[in-house]
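Student: I would like to learn how to read a model like this one at the level of strands, helices and a metal site. Could we go through it feature by feature, with the general idea before each case?

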Amino acid sequence: MRNLLMRAAALAVPGMCVAVSPVQAHVSAEHDAPAIAPWQQASEWPDRIIASFEGDPATSIAVNWRTAASVTTAKAEIALALPDARFDQNARSIAATSETIDLDAIQRAGVRIPVEHNQGLPGASYHSVRFDGLAPNTLYAYRVEGADGKWSEWFQTRTAPARGTTATPEAPLRFIYLGDAQNGLDSHWPRVIRAAFQTAPDARFILHAGDLVNRGSRDLEWAQWFRAGGFIHGMVPAIPVAGNHEYDSIGLSEADRERALAFLWRPQFRLPVESALPAELHETVYDVRYSDDLQVFVLNSNARDLAAQAAWLDAKLTASTARWRIVTQHHPIYSSGNERDNPRLREILLPVLLKHKVDLMLQGHDHTYARGTIEDPVQLPARHSAGEAGSVTTMFVNSVSGPKQYEFRENGWTDYGASGVTLDRMAENTQFYQVITIDGGTLHYAAYTADGRLYDDVRLTKAADGTKTIAQEREELPDTRRFDNTLPYPGRGQ
Ligand SMILES: [Fe+2]
């Protein structure tokens, strides 16, 4: 197997000193490995460039990129994004942290993925930097390097506002939230991330609520995911959440198989490490404090032991002074996919959410759209009709950005009525993106279909004492989308 992989690898890497005629390459590729698109192959040029948060978003930005394995060291540069054509004269350089991923070794370790998934791929180097010491709310330009002199273009990205300032209607804080991409990454998903960027070009980050891809160890799917976002990934930092499809079953024998985070997750996303949590949760459970207005807490709902995360979240929320607190995880507290349920999440995590009156819970997994609320029992009962404000403790959303679609839970959320939640808006058979805008005391939540039409639209308003009201923004919204009033979904019911 090793020889086969190495031989295929030699054919696949451009620039390697192996004389192969096009005919030979064609024949060999047919016998040894599936054809590998040029855009999947790592080269001496940087690709899969993505920004993220590891430190304080007001003063730092993290960036990851990939090259061929032959590039073992790399660097990046950053400068203030000035109007001057040669703003780059004052750029400062920083050495990258680099690691090489050997796909062949990973196959031998027993990652249970069909060998053809990564066959012919020689492995690659993954590089990352964290630019520190930046000024808050300032536009920077950065670029990353592969082999000597092989630079990316300059990407512009803005740091978070300084603490002590607050968003206003004139200068709001906006971000994008996407449910499962997962499938159609080279066909049906690209239009969604691009439409989201068109709707909110000033988004400060994109929250990906898990199942970014379908097979977390399959390099091709990550190649497609990165290509779909293109320069958006470099400009708008990502807050990625680990879904069940970012996990693999690893181990050489059935007896010692266990589920583990896909090997590409940590090399390609530079994320905070919560050292107090078990190592297996590192870079999947973390928080991002984004100015005084917002704190995002990322959980890993794949973990068998949720208690450690519940305790971590409880402590973090207790200490948090952010005006708006949002929790995200892949599996929903309230399922919306038919015949799906996660009672352990309600048992272990819901009490923490309600104790702290977490404002928003953003989730994926169920390949449907659902938004609902739990009323605040100490306030007036919520009324969800247009124009009327009701009280709310926590708003829950499940969404999906990719083309894979499930039927909605048969009884809606009525089965969950005992916990006080009501379902306010739902959809089937539809790809969504969401734009969430904070302007101080209000949080505007808007869900759009892939064609850019507004589908769901509410505003949460928070008083100085922390009580919240919710109001629907518009009376006219599209009819509820269901399988029986939308285009047929091939394969449904089979
Ligand atoms: Fe999914």
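Student: Are the two faces of β18 covered or open?

Tutor: In a regular strand the side chains alternate between the two faces of the sheet. In this predicted model, Tyr-369, Arg-371 and Thr-373 lie on one side of β18 and Ala-370, Gly-372 and Ile-374 on the other, and both sets are buried, so that both faces are covered. Because 6 of the 6 residues of β18 are buried, the strand is largely enclosed by the rest of the structure.

Student: Which strands pair with β18, and in what sense?

Tutor: Strand β21, residues 421-427, runs antiparallel to β18 and is joined to it by 6 bridges, with Thr-422 of β21 as the bridge partner of Thr-373. Strand β20, residues 394-398, also pairs with β18 in the antiparallel sense, over 5 bridges, and here Asn-398 of β20 stands opposite Ala-370.

Student: Let us turn to the metal. Which residues coordinate the iron ion?

Tutor: The iron ion is held by Asp-180 through OD, Gln-182 through OE1, Asp-211 through OD and His-367 through NE2, at 2.1 to 2.3 Å. Their spacing in sequence is D-x1-Q-x28-D-x155-H.

Student: What geometry does the site of the iron ion have?

Tutor: Ideal angles at a metal are 109.5 degrees for four tetrahedral donors, and 90 or 180 degrees for six octahedral ones. The angles among the 4 donor atoms of the iron ion range from 87 to 175 degrees, and the site is classed as irregular. Some caution is needed in reading this, because water is not among the atoms and sites may look incomplete.

Student: Which residues of α4 are buried, and what do they pack against?

Tutor: Pro-190, Val-192, Ile-193, Ala-195, Ala-196 and Phe-197 are the buried residues of α4, and they pack against β9, β10 (206-208), α5 (219-229), α6 (231-235) and β22 (432-438).

Student: How many residues of α5 are buried?

Tutor: The helix α5 is mostly covered, with 9 of its 11 residues buried, including Trp-222, Trp-225 and Phe-226. Just after α5 comes Gly-230, which takes a positive phi of about 50 degrees.

Student: Which residues touch the most other members of the largest nonpolar core?

Tutor: Trp-225 and Leu-294 do so, in a core of 101 residues. This core lies between domain 1 (37-144) and domain 2 (163-485), because both domains give residues to it. Leaving aside neighbours within four places in sequence, the contacts of Trp-225 are Ile-50, Leu-185, Trp-189, His-208, Leu-212, Val-213, His-233 and Phe-269. Another core, of 29 residues, lies apart from the largest one and has Phe-297, Leu-299, Ala-303 and Val-327 among its members.

Student: How many helices and strands does the whole protein have, and what share of its residues is buried?

Tutor: There are 10 helices and 25 strands in the protein, and 57% of its 494 residues count as buried. Among contacts with a separation of 6 or more, 71% are between residues 24 or more positions apart.

Note on methods: Residues are numbered from 1 along each chain as its sequence is written. This is a predicted model: local features need pLDDT of at least 70, side-chain atom pairs count only at pLDDT 80 or more; totals for chains, interfaces and linings use all residues. Side-chain values use heavy atoms; hydrogens and water are left out. Donors are N, O and S atoms within 2.8 Å of the metal (3.2 Å for Na, K and Ca); water is not among the atoms, so sites may look incomplete. Four donors count as tetrahedral if all angles lie between 85 and 135 degrees; four count as square planar and six as octahedral if opposite donors are over 155 degrees apart and all others between 65 and 115; anything else is irregular. A nonpolar core is a set of buried Ala, Val, Leu, Ile, Met, Phe, Trp, Tyr and Cys residues joined through side-chain atoms within 4.5 Å. Buried means under 20% relative accessible area, exposed over 50%, partly exposed in between (1.4 Å probe, protein chains only). Domain bounds come from an automatic or database domain assignment. Contact means heavy atoms within 4.5 Å. Helices (H or I, at least four residues) and strands (E, at least two) are DSSP runs, numbered from the N terminus. Two strands pair if DSSP finds at least two bridges between them.
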